[in-house]
Amino acid sequence: MTGVAASIPALPNTSRPAPRRTNAATQWLPPVGLIVLSLIPVLAGAVRLTELMGGPEITANNARFVGSPIPVTVHIVSVTLYSLLGALQFVPSLRRGRPSWHRIAGRILVPAGVLVALSGLWMNFFYARPPGDGESLVVVRLIVGSLMLASIVLAVLAIRRRDFTSHGAWMTRAYAIALGAGTQTLTMLPWVVIFGPIGAADELPRTVLMTAAWVINLGVAEYVIRRRVQRPNRRSTTAGLAPVPLAA
């Protein structure tokens, strides 16, 4: 008999998709960008810690920190660890190729993230507010701090039931919130260039610009999450419609 070629839809591919090949150089671009964004608040935090350890003169800007240094110290140390180590979780070769490294880093990041959220909430309610921080910003910080804490809890619950997709999504949201201080520098920069430094009378612009940074970060996070979910679906769809040659 002669060979007869026919094409029929293949059965859906239920096996785990093969890991995507990622360029060794370009895969580092997103984490490097995140680290650069983190450096602004990280360096500011390092300056603050250096100041506190040196027995500074008490001023209106640092009185709340000098009077109660533990919360701000915990916040600076934990957010530095969380933002810098968390950026490496976005390197595909580390996340997929070295699962043991990913798990070890995750066990460090979860408690660090919890400390970031809890210390931030504590400072929001118990530190004296600096000029320009109004009630509206207190509410915004309460919302984002609670959302970060809830995201980490949901991520832990997801990984316990081996829901890797949900785990990654919730950890991405928590990380986006933690990087809010870096993005706030970018959202406030145009105002400072045009109108000058934000002062005590600029309570509304300060709240809007700081809130915008968290909204931008969460918007980018949702975009990343959706792309991450859609990629394997596109591969599965393509595999399901691939022609299968039959010979008789």
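**The second largest pocket and its helices**

A: Helix H1 gives the most to the lining of the second largest pocket, with 8 residues. The model is predicted, so local features need pLDDT of at least 70 and side-chain atom pairs count only at pLDDT 80 or more, while totals for chains, interfaces and linings use all residues. Residues are numbered from 1 along each chain as its sequence is written, and side-chain values use heavy atoms, leaving out hydrogens and water.

The pocket (an open set of points on a 1 Å grid over the protein atoms alone, where a 1.4 Å probe fits, with protein on both sides within 12 Å along at least five of seven lines) has lining residues with an atom within 4 Å of a point. There are 49 of them, and His75, Arg141, Ala181, Gln184 and Met210 lie nearest the pocket centre. Among the helices (DSSP runs of H or I, at least four residues, numbered from the N terminus) that each give two or more residues to this lining are H1 (29-53), H3 (69-88), H5 (99-126), H6 (135-160) and H7 (164-178). By class, 29 lining residues are nonpolar (Ala, Val, Leu, Ile, Met, Phe, Trp, Tyr, Cys or Pro), 14 polar and 6 charged (Asp, Glu, Lys or Arg), with Gly and the others counted as polar.

H1 and H3 have axes (lines fitted to C-alpha atoms over the stretch in contact) 9 Å apart, at an angle (0 to 180 degrees between N-to-C directions) of about 160°. This makes H1 roughly antiparallel to H3, since angles over 145 degrees count as such, under 35 as roughly parallel, 65 to 115 as roughly perpendicular and the rest as oblique. In their contact (heavy atoms within 4.5 Å), the H1 side includes Pro31, Leu34 and Arg48, and the H3 side includes Pro69, Val72 and Ala87. That contact has 13 nonpolar, 5 polar and 1 charged residues.

H3 also meets H5: their axes come within 8 Å and cross at roughly 145°. His75 of H3 takes part in this contact, as do Tyr82 of H3 and Trp101 and Trp122 of H5, among others. The contact holds 17 nonpolar, 6 polar and no charged residues.

Elsewhere in the lining, H6 and H7 come within 8 Å of each other by their axes and cross at roughly 155°; they are therefore roughly antiparallel. Among the residues that join them are Met148 and Leu154 of H6 and Phe164 and Trp170 of H7. Here the contact has 14 nonpolar, 3 polar and 1 charged residues.
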